Amino acid sequence: MDADHTTTSCRLRLAHTYRVLPWAIIVLLIGGYVPLNTAPTDDPYRPSPIFPLDIGWSTDLGDAPIHEPAYDETQAYIPLRNGTLAAVALTNGAVRWSIIHPTNQSPVVGNASVIIASDRRLIALRPTDGAQLWTQELSAEISAPLVWQAGWLVAALVDGTIVALRASDGQPLWQLQVDGPLLIRPSIADNQLFIPIADGRITVLDLGTGTPQWERTLGGSPREILVLDALFVGSTDNYFYRLSRDDGMVEWQWRTGGDIIGAARVDENNVYFVSLDNYIRALDRQSGVQQWRQPLNGRPTAGPVTVADLLLVAGVAAEFRLFDAGTGLDAGRYLGPSELGAIPYAVPGLPDIGPRLILLTGDGR
């Protein structure tokens, strides 16, 4: 990265120049915290709580990631194309263990176990050493990322079946045929399961019994559903929706110029999402009125990530960008050494100075 580019694009200082081996995991450290208490000015770049960035550590994984990693408080669990699942320490990048277990979806972490999907088989591993805890064979191949929450494990199958299991031992508790393609991760909130179906339907079930509660059909395939006081969900019909939790009634909708990508993020006032017209938008979460929008340099591959009071947006390219959530102003950008292999991960619960962003990247140089 040359000095002119650094000055004009994000006014950040990188403490090191570096090269990494193919498909390395990189941790970035915050160089110092600057509160975002500066009033908006004509300058589009404002003090940021994460820049400048230093490289804390980098680790060669030996192969490309095949799915998004899972994280707990201390480790990342990264499925690789060679069939390996690697457990990497977040503090220093040490590979604590690796085991050959091909996966066809992202793993999940919960109940003191790492759970992976291998075709139609669920396998639970012990986080400390990768030892197998239990396995469960399902009736068909798992077709969407797994969901774990509060002891529940939910798997969506290629034949349109939803299966709810007890996460502690993999015991199936109920299953239901919803008769549609299941490709997007379901969502759990309270005692409800929200299922996006590729034919346009959103089906809501009682989590305890699998009993259907209501169903709503959108104009396109729904993306991952964010469930709060209402449902916030984008679709391939180029609309972003707020739906009632009670019956799925459309409370408002906003048309974009492209399909919505990934899950939305919210704060007290706004909901934030990205779309394939290459914009990030902020809408008032109650009224749906647009508060701001900003163009992106390339196509996003996932929804925004929250980092402090900023929104991080990444695509396949080596660069990610940050935006002030309140104003939409550009808060900086970071150009990594290679194309990204996964969504950047903001490590929670750490001091302001310390490891904060995990990047999984490829050999771009």
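1. A strand, as the word is used here, is a DSSP run of E with at least two residues, numbered from the N terminus.

2. How far can you trust the model? The average pLDDT of the protein is 86, and 84% of the residues score at least 70. Over residues 1-22, however, the pLDDT is below 50, and this stretch has 36 contacts in the model beyond near neighbours in sequence. Residues 31-46 also have a pLDDT below 50, with 35 contacts counted in that way. Where pLDDT is low, the predicted coordinates should not be read in detail.

3. Next, have a look at an open sheet of 4 strands. Their order is β15-β16-β17-β18, and the pairing is antiparallel. The edges are taken by β15 (187-189) and β18 (212-217); each has a single partner strand, so one side of each is left without a neighbour in the sheet. On average, neighbouring strands of this sheet are turned by 20 degrees against each other, direction ignored.

4. Strands β15 and β16 (residues 192-196) run antiparallel and are joined by 3 bridges. Here Ile188 stands opposite Leu193 in β16.

5. Now to the charged residues. Side chains of opposite charge can pair when their charged atoms come close. The model has 12 salt bridges by the rule used. One of them joins Arg185 and Glu224, whose closest N and O atoms are 3.7 Å apart. Arg185 lies in the loop between β14 (171-177) and β15, while Glu224 lies in the loop between β18 and β19 (226-227), so the pair ties together parts that are 39 residues apart in sequence. Arg185 is partly exposed at 25% relative accessibility, and Glu224 is partly exposed at 28%.

6. Two further salt bridges are worth a visit. Arg201 pairs with Asp199, with the closest N and O atoms 3.0 Å apart. Arg201 counts as buried at 14% relative accessibility, whereas Asp199 counts as partly exposed at 41%. Arg281 forms a salt bridge with Asp277, and there the closest N and O atoms are 3.0 Å apart. Both Arg281 and Asp277 are buried.

7. Which residues are linked in a network of salt bridges? They are Asp229, Arg242, Glu251 and Arg285.

8. Finally, a loop residue. Ala131 sits in the loop between β9 (121-125) and β10 (132-137). This residue is partly exposed, with a relative accessible area of 25%. Leaving out residues up to four places away in sequence, Ala131 touches Ala124, Leu125 and Arg126. From Ala131 to Ser113 the distance is 9.7 Å, C-alpha to C-alpha, and the two are 18 residues apart in sequence.

Conventions:
Residues numbered from 1 in each chain as written. Predicted model: local features only at pLDDT ≥ 70, side-chain atom pairs only at ≥ 80, totals over all residues. Heavy atoms only, no water. pLDDT = per-residue confidence, 0-100. Contact = heavy atoms within 4.5 Å. Pairing = 2+ DSSP bridges. Axes fitted to C-alpha atoms, helices over the stretch in contact; angles between N-to-C directions. Buried < 20%, exposed > 50% of the residue type's maximum accessible area, 1.4 Å probe, protein only. Salt bridge = Lys/Arg side-chain N within 4 Å of Asp/Glu carboxyl O.
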